[in-house]
Amino acid sequence: MTRRWFVAAAVLGGILSISVLVTGANAAEIRVLSAVAMKPALDDLAREFERSTGHTIEVAYATAGIVRDRIRDGEAVDVAILPRSAFDPLVALGKIAPDTATVVARSLVAVAVPAGAPKPDISTVDALKRSLLAAKSVVYPDPTKGGATGIHAARVIERLGITAEMKSKTTLVPGSEYAEILAKREAELAIVQPMVVLGVPGIELVGPLPAALIKYLLAPDAARAIKAKGMEPGSQ
């Protein structure tokens, strides 16, 4: 039996969900195009899959926006991994069949700091707001590149009402470069995918964004405000 797999990741509030889409194709050599946030986990999984099945996997990584554009423009792949913000437009264009999606993993959007640095209080919405305002420098992925973490970070800052205050001290990077910046102590705080920074020397996770904020961001009023800013709201 031959299969062709597409994989999509969906941001649900602060949660990154990875979904598998299955159609027909030769599974002996599997070509994977993935959003770079999945690299730490996918590299290990690919090696184990090859060892246990005898199939080979070729993985290419890029920002979610680039993955989306390559598939939109007709690039053929066996597996694609991307955030829902990039996934939904491909479904609308008929590039991916939505009824074949299956969630296989989730990851919270979190805050990280350089190793040994004081950990800011992010336990509540107000505490997160104070900590972001108190930080001298912040880094996260550029939301215009289509990455789920950057889009979510921008939503959080927008809904906290501190966009103007954060602009001058925020560094936006194309993808997961925030890990290197944080490890070098070139930023005080980062909004991250835990899978990207876990095990990276020089970085410590503070914790996930507060659940109350996630619930607030999923409310109908917040969804309307998010859409008005040119972003796609998440869903449960």
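Axes, where I mention them, are lines fitted to C-alpha atoms, for helices over the stretch in contact, and angles run from 0 to 180 degrees between N-to-C directions. Helices (H or I, at least four residues) and strands (E, at least two) are DSSP runs, numbered from the N terminus.

What you see above is a predicted model, in which local features need pLDDT of at least 70 and side-chain atom pairs count only at pLDDT 80 or more, while totals for chains, interfaces and linings use all residues. Residues are numbered from 1 along each chain as its sequence is written, and side-chain values use heavy atoms, with hydrogens and water left out.

To begin with the overall counts, the protein chain has 10 helices and 11 strands. Of its 236 residues, 44% are buried, where buried means under 20% relative accessible area, exposed means over 50%, and partly exposed is in between, with a 1.4 Å probe and protein chains only. If we take contacts between residues at least 6 apart in sequence, 72% of them join residues at least 24 apart.

Let me start with the three-stranded sheet, which is open, has the order E4-E3-E5 and shows parallel pairing; two strands are said to pair if DSSP finds at least two bridges between them. Strand E4 (56-62) and strand E5 (79-81) are at the edges with a single partner strand each, so one side of each is left without a neighbour in the sheet. From one strand to the next, the twist averages 15°. Strand E3, residues 29-35, is joined to E5 by three bridges, and the two run parallel; within E3 and E5, Leu33 stands opposite Ala80. Two helices lie across E3, E4 and E5: helix H1, residues 39-53, runs at about 170° to E4, and helix H2, residues 64-72, runs at about 130° to E3.

Now to the five-stranded sheet, which is also open, but has the order E9-E8-E10-E7-E11 and mixed pairing. Its edge strands are E9 (170-173) and E11 (203-208), each of which pairs on one side only, and the twist averages 25° from one strand to the next. Strand E8, residues 138-141, and strand E10, residues 189-192, run parallel and are joined by two bridges, with Val139 standing opposite Ala190 in E10.

What about strand E7, residues 110-114: how many of its residues are buried? Five of the five are, so E7 is largely enclosed by the rest of the structure. E7 runs antiparallel to E10, with three bridges, and antiparallel to E11, with five bridges. Ala110 stands opposite Val192 in E10 and opposite Pro208 in E11.

Among the buried ones are Ala148, His152 and Arg155. Just after H5, Gly161 takes a positive phi of about 75°.

Apart from its neighbours within four places in sequence, Thr149 is in contact with Val109, Pro141, Ile191, Val192 and Gln193.

H5, residues 148-160, also packs against helix H4, residues 125-134, at an angle of about 100° and with their axes 11 Å apart. The two are therefore roughly perpendicular to each other, a label that covers 65 to 115 degrees, with angles under 35 counting as roughly parallel, over 145 as roughly antiparallel and the rest as oblique. Val125, Leu128, Lys129 and Leu132 in H4 meet Val156, Ile157 and Leu160 in H5.

Finally, Ala183 lies in helix H7, residues 178-183, and at 27% relative accessibility it counts as partly exposed. Leaving aside its neighbours within four places in sequence, Ala183 is in contact with Pro201, Gly202 and Ile203. The C-alpha atoms of Ala183 and Val113 are separated by 8.3 Å, although these residues are 70 apart along the chain.

Definitions and conventions. Contact means heavy atoms within 4.5 Å.
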